[in-house]
Amino acid sequence: MILLTGGAGYIGSHMLLKLLESNHKVVVLDNLLNSSYESIKRVEALSNKQCIFVEGNIRDSECLNSIFNKYNIDAVLHFAGLKAVGESTEKPLLYFDNNISGSLQLLMSMQKYSVKKIVFSSSATVYGDPDELPISEECPMSMPTNPYGYTKMAVEQMLMQVVESDPTWSVATLRYFNPVGAHDSGMIGEDPNGTPNNLLPYIAQVAVGKRDKLFVYGNDYATYDGTGIRDYIHVMDLVEGHLSALDYIVNNLGYHVWNLGTGSGHSVLDMVKAFEKASNTNIPYQIVEKRAGDIASCYADATKAHQQLNWFAQRSIEDMMEDTWRWQSKNPDGYTN
Ligand code: NAD
Ligand code: WQD
């Protein structure tokens with residue numbers, strides 16, 4: 001049985017679907033802080049399978065212990081966390097408490113119950129502004145410029161040291177590039193609270209008329225059209241990468257890190273054009289000041305995951321846009337309608 005923390009969230013709900021479709025038994029632990037139980041209901045309807053849902057907090061050791069006590073957990077997929085970069089700069093302690101203390105509680109419960117396999121959701125943000133592109137796992141971590149990024153680096157280091165002290169652990173740290181898109185049913189997708197921080201959800205809300213225009217943060221970066229370049233990866237490719245990583249750590253002890261990206265970069269304006277094409281809408285935009293902390297370009301060298309996990313991202317930018325549009329147009333108010 002798998003414990004999936006954060007399984008009601010954007011990426012976690014797609015992971016849950018993939019796990020249920022692959023015949024895994026799953027316990028989801030989520031406090032619904034940034035998500036809705038509706039996502040779980042929809043995953044169960046789509047897969048025609050059930051999970052065990054526990055509404056609770058990863059910081060709550062009693063809750064964690066009762067899960068490990070009651071269910072025979074083989075491995076943990078750890079997605080629970082707060083992820084808003086801007087909010088983290090205003091409330092660093094909240095982020096340290098939730099993401100670092102929460103992960104620590106989880107690891108302590110795992111150790112108590114001798115569950116020693118974990119897949120952790122990290123982020124390309126741990127590379128900072130890299131010296132070289134594409135970014136391989138060899139690229140050193142650099143001190144993140146915001147508390148959110150710091151929590152990812154801190155948890156990675158905790159995991160590394162746990163494995164160093166006890167080599168019977170198996171840990172997969174997955175560094176995501178920019179996850180976008182939705183399941184192709186249009187039944188589950190990304191449902192941000194308030195104004196979206198990320199590019200694709202913002203564009204999608206402009207397309208359905210919830211926002212007037214997109215603000216493009218800077219057009220004088222040293223890139224082919226002056227706007228920022230990122231490695232956008234379809235959320236279904238991303239969760240398939242987790243299944244491969246899970247298989248790998250079942251058979252290989254130790255600490256492992258993989259980038260999950262496509263290896264290709266796209267600019268903000270590329271994304272606008274691709275979304276317009278997929279949705280047959282017009283996305284008005286205005287160029288504004290750069291956003292603090294943004295870098296010009298970030299894309300993965302994804303060969304390590306290909307070689308070791310036999311995984312690579314298969315879905316195109318067109319797929320990402322069409323699936324985002326299907327989800328957004330069917331659910332203009334996300335899970336609340
Ligand atoms: P999300 O906010 O949609 O999902 C996170 C889930 O965790 C939510 O359902 C939330 O309610 C839950 N949660 C938060 N704190 C919790 C706690 N203390 N106890 C129990 N549940 C808690 O975010 P997402 O986009 O699905 O991201 C999942 C993971 O991937 C996060 O760890 C995030 O940092 C990481 N990640 C996301 C991206 C991205 O761009 N979306 C990129 C890199 C890494
Ligand atoms: C992409 C590009 C913006 C919004 C963030 C986190 C990272 C990870 C993924 C969680 C950039 C531009 C954006 C807008 C814009 N998160 N943009 N107008 O910044 O690469 O990564 O999300 O783990 O840690 O930092 O993603 O989607 O915010 O931005 O012009 O309204 O779009 O400047 O070039 P980012 P993003």
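Guide: Gladly. Bear in mind that this is a predicted model. Let us start with α1, whose buried residues are Tyr10, Ile11, Gly12, Ser13, His14, Met15, Leu16, Leu17, Lys18, Leu19 and Leu20.

Visitor: How many of the residues of α1 are buried?

Guide: Eleven of its twelve residues are buried, so α1 is mostly covered, where buried means under 20% relative accessible area.

Visitor: Which elements give two or more residues to the shell around ligand 1, and which residues come nearest?

Guide: Begin with the residues themselves. Ligand 1 has 26 residues around it, and those that come nearest are Ile11, Asp30, Asn34, Ser35 and Tyr148. Next come the polar atoms. The side chain of Asp30 has an N or O atom 2.6 Å from an oxygen atom of ligand 1. A nitrogen atom of ligand 1 lies 2.8 Å from a polar side-chain atom of Asn98, and a nitrogen atom of the ligand is 3.2 Å from an N or O atom in the side chain of Asn31. On its own, ligand 1 has 810 Å² of accessible area, and the protein covers 96% of it. As for the elements, α1 (10-21), β5 (117-123) and α6 (147-165) each give two or more residues to this shell. The largest share, three residues, comes from β5.

Visitor: How does the shell around ligand 1 divide by class?

Guide: There are eleven nonpolar, twelve polar and three charged residues around ligand 1.

Visitor: Now ligand 2, please. Which residues are closest to it?

Guide: Tyr148, Phe215, Arg230, Arg291 and Asp294 are the closest of the 18 residues that surround ligand 2. Asp294 places a polar side-chain atom 2.6 Å from an oxygen atom of ligand 2. From the backbone, an N or O atom of Leu199 lies 2.8 Å from an oxygen atom of the ligand, and a polar backbone atom of Asn197 is 3.4 Å from a ligand oxygen. Taken alone, ligand 2 exposes 690 Å², of which the protein buries 88%.

Visitor: Which strand gives the largest share of the shell around ligand 2?

Guide: That is β8 (residues 214-217), with four residues. By class, the shell around ligand 2 has nine nonpolar, six polar and three charged residues.

Visitor: Let us go back to Tyr148. What happens at the start of α6?

Guide: At a helix start, see whether a side chain reaches a backbone nitrogen. Here a side-chain oxygen of Asn146 comes to within 3.2 Å of the backbone nitrogen of Tyr148. The helix α6 has 19 residues and reaches 27 Å from its first C-alpha to its last, close to the 27 Å expected. Its buried residues include Pro147, Tyr148, Gly149, Leu159 and Val163. Among the elements covering the buried residues of α6 are α4 (85-90), α5 (92-112) and β5.

Visitor: Is Ser114 buried or exposed?

Guide: Ser114 counts as exposed because its relative accessibility is 55%, and the cut-off for exposed is over 50%. Asn280 also has a positive phi, near 55°, and is found in the loop between α9 (268-279) and β13 (285-288). With 73% relative accessibility, Asn280 counts as exposed.

Visitor: And Asp323: buried or exposed?

Guide: Asp323, in helix α11 (residues 317-330), counts as buried because its relative accessibility is 8%. Leaving aside residues up to four places away in sequence, Asp323 touches Ala182, Asp184 and His234.

Methods:
Residues are numbered from 1 along each chain as its sequence is written. Chains are lettered from A and ligands numbered from 1 in the order in which they are written. This is a predicted model: local features need pLDDT of at least 70, side-chain atom pairs count only at pLDDT 80 or more; totals for chains, interfaces and linings use all residues. Side-chain values use heavy atoms; hydrogens and water are left out. A residue is near a molecule or strand if one of its heavy atoms lies within 4 Å of it. A polar contact is a pair of N or O atoms within 3.5 Å; within protein, one must be able to donate a hydrogen and the other to accept it, and residues adjacent in sequence count only if both atoms are side-chain atoms. Accessible areas come from the Shrake-Rupley method with a 1.4 Å probe; for residues, only the protein chains shown count as cover. Ala, Val, Leu, Ile, Met, Phe, Trp, Tyr, Cys and Pro count as nonpolar, Asp, Glu, Lys and Arg as charged, and the others, Gly among them, as polar. The expected span of a helix is 1.5 Å times one less than its number of residues. Buried means under 20% relative accessible area, exposed over 50%, partly exposed in between (1.4 Å probe, protein chains only). Contact means heavy atoms within 4.5 Å.
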